[in-house]
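Biologist: I am new to this structure and would like to go through it with you. Could we take it piece by piece?

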Amino acid sequence: MREKLLFDGGWMFHRGDLKPEWPTHKTIAYRSAKTERYLIGPAAQNYHITDGHLFATSKKEFKSENWQAVELPHDYMAGDEPDPAYNQALGFCKYDNAWYVKRFELPAEDKGRRLTLLFDGVATYATVMLNGCLLKHNFCGYTPFEVDITDMAKYGEENVISVYVNTEQHEGWWYEGAGIYRHVWLIKTDPVAVDLWGAYVRPEQLSETNWRAATEVTVRNDTQTRKSVRVLCELLDADGQVLAEASAARLIPWREKSTLTCNLDVTSPRLWSPDDPYQHTVRVTVYCGKRVTDVYETRFGFRVIRVDKDEGLFINGKNYTIKGVCAHENCGYTGKAVPDNIQRYRVKMLREMGANGYRTAHYPHSEAMMDALDENGFIVMNETRWFESTDEGKEQLSTLVRRDRNRPSVIFWSIGNEEPHACTEQGVRICRSLVPLVKKLDSSRPVMTAVTHSAAIVFDEVDVVGTNYLWKHIDNIRAKTPHKPFVSSECGATGTTRGWYYDDDPMRGFINAYDHDTNTAFISRENTWKRLMSYPWMMGGYQWTGFEYRGEAMWPRLCSQSGAIDLYLQKKDAFYQNRSHWSDEPMVHLLPHWNFRGREGEPIRVFAYTNQPEAELFLNGVSMGKVEIERFGHGEWSVPYAAGKLEVRAGKNGEVLATDVRVTTGKAASLKLILDTEDVRCGDTAIVTCVALDENGIEVPDACPTVSFMAGGAAKVYSTGGAVNDHVSIFSPDRKMWMGRVGVALKLAAESGTCKVYATSEGLTSAALTFEI
């Protein structure tokens, strides 16, 4: 029966190339030209890593290079200190090649099974070897790939898996990280089993109440004889109750794959939608005669989508405006290797902000992220990395579609981003290769490409027009493509630095935190959303970006400033501004803080982000004026600074429905720890925020002490983060607070226990926090 085993533990890692010296005699050249081609060096079976001692025997080559034990996922560049000598877009980092080696045993009873390793992501190029034999080259750092190890595996004895990582070729203009940065899985199946991502479930609405889960099951027969195979497909609800079943049978030739079809009909199923992201499961049981050879499950959602050229996006007949964000998949605390629970936490934050859309910019994102998007009802634009019709490009696109075509959150397939060839005949031909490829694998979703060139000529080849910015040209593009649905595939890109309420400061890398236009393309969040909502035919948009990310930086700053959430997962003012645009629940957010000693009498810009039409500002109980606020606008006042209490009251028709307050605080006197990731479990990564309080227990929004973190029990300090221009390695336990907040990431034990974390700072009362896992 099928086993899917996490293969993340027990790896050894070496940063840098290792080039063993070849002997001068013919024998080594001759033997290295055979199946077991790696006879010396890290890929060789006899290459044994020690803790610094060098031994030589006739059978084993012991090496004492600088190896270290690591657990996956692993980004080996994450803790590097930045250097302005290196590329700013790629994160001011030196990209080195590296090796991973793991020794493991397979039980004798595995003999006769099909064994594969599934790599969810290796940055950037990867070569995989088993027992000295080459098994796989992979040429994309974002697309998962499977390696069949069946033929070269040894049973009842030691195996050696080696992975060489080459980072010399870059695939993006952002921090790419390096290493095996996503999970690795060991998958064991019978030779007659469902193929990788081999069950495709396509929901169809037959009538008002009748639905069908049209299921295609690809079964592979890796035996030496043809097999008579039957598949039983069962439709299960979220409680595991069987709602329908169907079966199909076929004779599958030896060493072939075959697709069998089952229709699972059901009446009035609970539907998946952004408002109610309910999922069903299809369970596939494979029989050879009376013997069960495989049981495979996949989740999906009953829902029907429609994109209309005049009215936008409909899911189950309901019109939805896409309130979306683009996002890169890296995190300040962990680099490229984002833990699964942090992915879930990121999605939770986006939901709290009011977002309902997510664009996987600009590559396939991890399965943990995609699961969280399904479970939280997001409208996903799922994007491949390469706009290429090469064999490699088409295989990467096929992998993306096959992996994610059952996901109800995936509404659009994007085959490219900002490609210059969108303006050429070559680009048209590439589209004509890629679009049918997608349609053959999944005909239920529209295909698009995100375009940033007004002269693009590929719109006739895709189902949906997607534009990145292009505000001056949207009306003309619409006039040329009136028959096409339209979405803003990327918009906004307004940079702000959390807590910085002064003019832009290039010397520090800071950008003022008030919403503003950067240029004619990167316009403010307010102007972006007003513009999008002025078009009744626009489906909505995906804002650049949900989170700050490493790379695309300007020294000394290490990250883009476009995110609504900062590099260390702290909410910026932009978070609340988006909420004022995207949420109907009455709210108001006031900025800036009110600690401006020494500027008494100086006018201070005060903004209120609110979804209410009226707002009145008070300073120490005295009204500073009442303003009317247009939809998606903001309240604004110029207030001569005086210490005290600044309060805004927002509402409509004279009724106050939301308030927010800023007060002038005293100096920092103590620290306080807050567990942000409240639902952590064994093996997770917890995020804890440390704030500074004055003598009255009020949070000091501009405090910047250096804080030292310690942990114990079932937790240990992994990394810390504060300002976006802090160049100290994230793995330092000491970190300078930035504008009242500093964070620590804790690695939690695999077993239950009590987690303890402490924060100290000279002159301040220390803080402690305990929690159970």
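Biologist: Which residues does arginine 478 touch, not counting residues up to four places away in sequence?

Modeller: Arginine 478 touches Lys309, Asp310, Lys484, Phe486 and Trp537, where contact means heavy atoms within 4.5 Å. Please note that this is a predicted model, in which local features need pLDDT of at least 70 and side-chain atom pairs count only at pLDDT 80 or more, while totals for chains, interfaces and linings use all residues. Residues are numbered from 1 along each chain as its sequence is written, and side-chain values use heavy atoms, with hydrogens and water left out.

Biologist: Where is arginine 478 found, and is arginine 478 buried or exposed?

Modeller: Arginine 478 is part of helix H6, residues 474-480. Helices (H or I, at least four residues) and strands (E, at least two) are DSSP runs, numbered from the N terminus. The relative accessible area of arginine 478 is 11%, so the residue is buried; buried means under 20% relative accessible area, exposed over 50%, and partly exposed in between, with a 1.4 Å probe and protein chains only.

Biologist: Let us turn to helix H2. What should its 14 residues span?

Modeller: Helix H2 (residues 340-353) should span 20 Å at 1.5 Å a residue, and its end C-alpha atoms are 20 Å apart, which agrees. The expected span is 1.5 Å times one less than the number of residues.

Biologist: Which residues of H2 are buried, and what covers the buried residues?

Modeller: The buried residues of H2 are Asn341, Ile342, Gln343, Tyr345, Arg346, Val347, Met349, Leu350 and Met353. Their cover includes strands E23 (322-327), E24 (357-360) and E39 (685-693), together with helices H3 (367-375) and H8 (573-582).

Biologist: What follows H2?

Modeller: Glycine 354 follows H2, and its phi is positive, near 100°.

Biologist: Which residues other than glycine have a positive phi?

Modeller: Asparagine 316 is one of them, with phi near 55°. Asparagine 316 sits in the loop between strand E21 (312-315) and strand E22 (318-320), and is partly exposed at a relative accessible area of 25%. Methionine 739 also has a positive phi, of about 45°. Methionine 739 is in the loop between strand E42 (734-736) and strand E43 (741-748), and counts as buried because its relative accessibility is 12%.

Biologist: Now the strands. How many residues of E8 are buried?

Modeller: Five of the six residues of strand E8 (residues 125-130) are buried, and the strand is mostly covered.

Biologist: Which strands join E8 by bridges?

Modeller: E8 pairs with strand E11 (residues 158-166) in the antiparallel sense over six bridges, and strands pair if DSSP finds at least two bridges between them. Tyrosine 125 has asparagine 166 in E11 as its bridge partner. Strand E9 (residues 133-138) also runs antiparallel to E8, joined by five bridges, and its cysteine 133 stands opposite leucine 130. E8 and E9 form a hairpin with two residues between them, and asparagine 131 in the turn has a positive phi of about 50°.

Biologist: In what order do the strands of the open sheet with E36 run?

Modeller: The order of the four strands is E34-E33-E36-E37, and the pairing is antiparallel. Strand E34 (622-628) and strand E37 (655-663) stand at the edges with a single partner strand each, so one side of each has no neighbour in the sheet. Strand E36 (residues 645-652) pairs with E37 over eight bridges, and leucine 646 has arginine 662 in E37 as its bridge partner.

Biologist: Finally, which residues touch the most other members of the largest nonpolar core?

Modeller: Tyr100, Phe119 and Phe412 do, in a core of 135 residues. A nonpolar core is a set of buried Ala, Val, Leu, Ile, Met, Phe, Trp, Tyr and Cys residues joined through side-chain atoms within 4.5 Å. Helix H5 (residues 425-441) gives the largest share of this core, seven residues. Another core, of 32 residues, lies apart from it, and includes Trp185, Ala199, Cys262 and Phe300.
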